[in-house]
Number of protein chains: 2
Amino acid sequence: MDRIPIMKIGRFLLVSIQVELQDRLALALQEDLTQRIADVNARGVLIDITSLEIVDSFMARILADIASASRILDAETIVVGMRPAVAITLVELGLTLEGVRTALDVDKGLALLHESTDEDEPEGDAGGDGS
Amino acid sequence: MDRIPIMKIGRFLLVSIQVELQDRLALALQEDLTQRIADVNARGVLIDITSLEIVDSFMARILADIASASRILDAETIVVGMRPAVAITLVELGLTLEGVRTALDVDKGLALLHESTDEDEPEGDAGGDGS
C-alpha cells in the first residue's frame, strides 16, 4: 500500500491506520492529511489505531507531528482506539504524546470533536452508549 | 494483520479495507461484522474500498455475502469509495455486485444510510458539498 485512505465525515476527517507506518508512508499520510484539511476546510481529524499492537517512538512522533500540523491549519486531532497495552508501553517508554488528545473509540472521538468545534452533534446517543 | 478494525459511528459501522482480503481475513471480517451488528444493534454498514485497485470475483462475492448477512440482521450495507477503474473492471468481468448499494464516498454513504434508516442526519451539509 502506498497511501492510507482518508475518509471524510461531515467537517471531520477519519484515518484508520492498519499497517506499520514506514518512513515514506508516514510522510505521505502527513502530506495527504494536511492537503485534505485545507481542501475540505476540515475542523478535526480522527486517527484510529485499533489495529496497532505497538506504538514506538517513531510512531508517537508521527502522531504528534500530524497533530501539530493540523493545529496550525485550525483542525483538532484526536487519536482513538488505543489498546490498553499500547498505553502501558507508551508510559514505560516515557512517551507522553504531547499535544495529542485521545478518546476511547471513533464515536467518543467524534463527540469530542463536535463539542470542541461547535459543529452539530451527529446523533443524540453518539459516544454515549459505551459500546 | 489478522483482523480488519470495525469503527462505530452512531448506529452505523464503518470498515476501511486497505489490504487484499485473503480467505481467512475475509471470513474473519464477515464474522466480526455480523457479531458487531448484533452487539451494538447497528442499522447500517459502510465498507470503504478507496484503497483497492482491483475487485475480483472473490472480493465481489465477499462484499455480496457481507451485504446479505447484514440484511438478515436488519442492517443495510453500502460500499463506498470505489475507483472508476474498479467499476469498469467489474462490468468487464460481468460482476454486478448483486444486492450491494454503493455511494461515492463515506459522507454520501452516511447520508444514504441516514435517509433509508430514518436515523437523524449528522449535519445538514453531510454528503452535499461534493468533496
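A: Two strands count as paired if DSSP finds at least two bridges between them. In this predicted model, strand S2 (residues 12–16) of chain A and strand S3 (residues 44–48) of chain A are joined by five bridges, and the two strands run parallel. Within this pair, A:Leu13 stands opposite A:Val45 in S3(A). In general, the strands of a sheet pair through backbone hydrogen bonds, and the pairing is either parallel or antiparallel.

The pair belongs to an open sheet of five strands in chain A, with the order S1-S2-S3-S4-S5. The pairing across this sheet is mixed. Strand S1 (6–9) and strand S5 (101–103) of chain A stand at the edges with a single partner strand each, so one side of each has no neighbour in the sheet. From one strand to the next, the twist averages 30°.

The largest pocket, an open space, has a volume of about 300 Å³. Its lining counts 17 residues, and those nearest its centre are A:Thr50, A:Leu104, A:Asp105, B:Ile6 and B:Arg36. In chain B, strand S1 (6–9) and H1 each supply at least two residues of the lining of the largest pocket. S1(B) gives the most, with three residues. The lining of the largest pocket divides into eight nonpolar, six charged and three polar residues.

H1 of chain B also takes part in a helix packing. Two packed helices are described by the angle between their axes and the distance between the axes. Helix H1 (residues 23–40) of chain B packs with helix H2 (residues 57–72) of chain B at an angle of about 15°, and the axes of the two helices are 10 Å apart. Angles under 35 degrees count as roughly parallel, and H1(B) and H2(B) are therefore roughly parallel to each other. The crossing in which H1(B) passes H2(B) is right-handed.

Notes: Residues are numbered from 1 along each chain as its sequence is written. Chains are lettered from A and ligands numbered from 1 in the order in which they are written. This is a predicted model: local features need pLDDT of at least 70, side-chain atom pairs count only at pLDDT 80 or more; totals for chains, interfaces and linings use all residues. Side-chain values use heavy atoms; hydrogens and water are left out. Helices (H or I, at least four residues) and strands (E, at least two) are DSSP runs, numbered from the N terminus. Axes are lines fitted to C-alpha atoms, for helices over the stretch in contact, and angles run from 0 to 180 degrees between N-to-C directions. Angles under 35 degrees count as roughly parallel, over 145 as roughly antiparallel, 65 to 115 as roughly perpendicular and the rest as oblique. A crossing is left-handed if the near helix is turned anticlockwise from the far one by less than a right angle, and right-handed if clockwise. On a 1 Å grid over the protein atoms alone, a cavity is a set of points where a 1.4 Å probe fits but cannot get out, and a pocket is an open set with protein on both sides within 12 Å along at least five of seven lines; lining residues have an atom within 4 Å of a point. Grid points are joined across faces, edges and corners, and a volume is the space filled by probe spheres set on the points. Ala, Val, Leu, Ile, Met, Phe, Trp, Tyr, Cys and Pro count as nonpolar, Asp, Glu, Lys and Arg as charged, and the others, Gly among them, as polar.
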